[in-house]
Amino acid sequence: MKSRAGTAVRRPPPQQPSSIFHIVTRDQVSLMECAALTELPWLVHGFSLRYARCGPVVESPRPRALEFNMGFSALASRSEVERNRRRFLRALDSTAMAASLHQVHSATVWEVSRARNRGERASTGRQSTAPMLKYRPAGSPVAVTGDSKVQHAGDALIASEPGILLTIRVADCLPVLIADSRLRVIAAVHAGWRGALARVIEKTAGEFRRTFASRPEDLVATLGPAIGRCCYEVGEEVIEEFRGQFRESDAFFHKPATEAEPQRSDLRYTLLFHTQAPPGHRRERPSLHLDLIAVARAQLREAGLKASAIHAAEHCTCCHPDLFFSHRRDARRAGRMIAAVGVRK
């Protein structure tokens with residue numbers, strides 16, 4: 001099922017993304033950080049940008065050849081993408097191993113750790129003494145493989161060991177990074193509307209408590225750059241899916257700024273009855289936009305996080321081509337960005 005495309009609203013590029021999120025440059029690579037996570041000295045994190053060097057203001061369009069694309073596609077050279085990924089991850093932590101998934105818009109969470117002995121490495125069938133990663137479904141006692149080159153299907157990663165960077169790829173979907181400030185457990189979540197509908201964010205936050213005995217009051221979450229409610233017009237099927245799963249679904253949908261904002265009771269009425277009309281009369285369906293940030297906040301609060309521990313980026317990926325890739329804006333020509341989090345050695 002496809003969502004209906006909306007019209008991107010162009011806004012002037014900000015001097016900095018916000019007081020909570022800021023752009024820094026390391027090893028000639030620009031990346032975005034959340035101030036709340038930088039207060040944890042043991043944690044490393046970052047969100048890649050559309051260009052390797054993003055200044056505060058872009059005065060003219062830049063050539064595609066300079067784009068800092070992190071996603072494989074027919075329009076991207078594999079060698080260039082791999083070089084970009086290495087460059088970005090090296091700017092974060094040059095000694096860490098990167099963990100990633102084949103993202104499928106699910107609620108599947110994988111726990112990642114290092115293979116500690118030769119027997120674990122041999123289980124992959126490869127004769128190598130190089131360090132490898134183990135992936136196991138969260139909560140399962142059995143690791144599936146120790147081969148870090150095998151990509152498992154899922155949309156969330158969780159880990160507690162130093163020297164591992166958990167990575168996800170986005171181009172409008174919401175990247176969520178979560179950390180336990182006491183136990184030093186971390187997670188990275190990829191949440192499009194399907195994953196959010198499946199409660200992947202809430203499930204991942206729950207895995208902190210179930211797998212590591214984390215306390216919700218110790219968790220801090222960062223909601224990175226994603227398509228905003230200003231641009232994320234969705235189809236009737238998306239509205240119906242959320243209405244069937246969430247009691248508070250009326251808070252997740254909004255009319256665009258060009259239309260009058262309804263009262264809360266009016267919006268609830270719209271969600272319930274917008275498909276109904278008297279016989280012989282056709283009524284135009286109102287345009288409604290999904291707020292992924294609101295969905296993520298609701299799920300994190302449901303998991304027990306304090307409102308003050310949830311930090312969201314303020315700028316829409318679709319509105320700012322100077323900083324972000326956007327699938328809604330550029331369709332199949334859009335590149336991908338990476339969000340990463342790790343525990344320092």
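User: Where is the place of Arg53?

Analyst: Arg53 lies in the loop between β3 (43-48) and α2 (78-92), where helices (H or I, at least four residues) and strands (E, at least two) are DSSP runs numbered from the N terminus. This is a predicted model, in which local features need pLDDT of at least 70, side-chain atom pairs count only at pLDDT 80 or more, and totals for chains, interfaces and linings use all residues. Residues are numbered from 1 along each chain as its sequence is written, and side-chain values use heavy atoms, with hydrogens and water left out.

User: Why is Arg53 called partly exposed?

Analyst: Buried means under 20% relative accessible area, exposed means over 50%, and partly exposed is in between (1.4 Å probe, protein chains only). Arg53 has a relative accessible area of 40%, so the label is partly exposed.

User: What makes β5 largely enclosed?

Analyst: In strand β5 (residues 109-114), 6 of the 6 residues are buried, so the strand is largely enclosed by the rest of the structure. Val109, Glu111 and Ser113 are buried on one side, and Trp110, Val112 and Arg114 on the other.

User: How do you know that β5 and β6 pair?

Analyst: Two strands pair if DSSP finds at least two bridges between them. β5 and strand β6 (residues 133-137) have 5 bridges in the antiparallel sense, with Trp110 standing opposite Pro137 in β6. β5 also pairs with strand β7 (residues 156-159), in the parallel sense over 3 bridges, and the bridge partner of Glu111 in β7 is Ile158.
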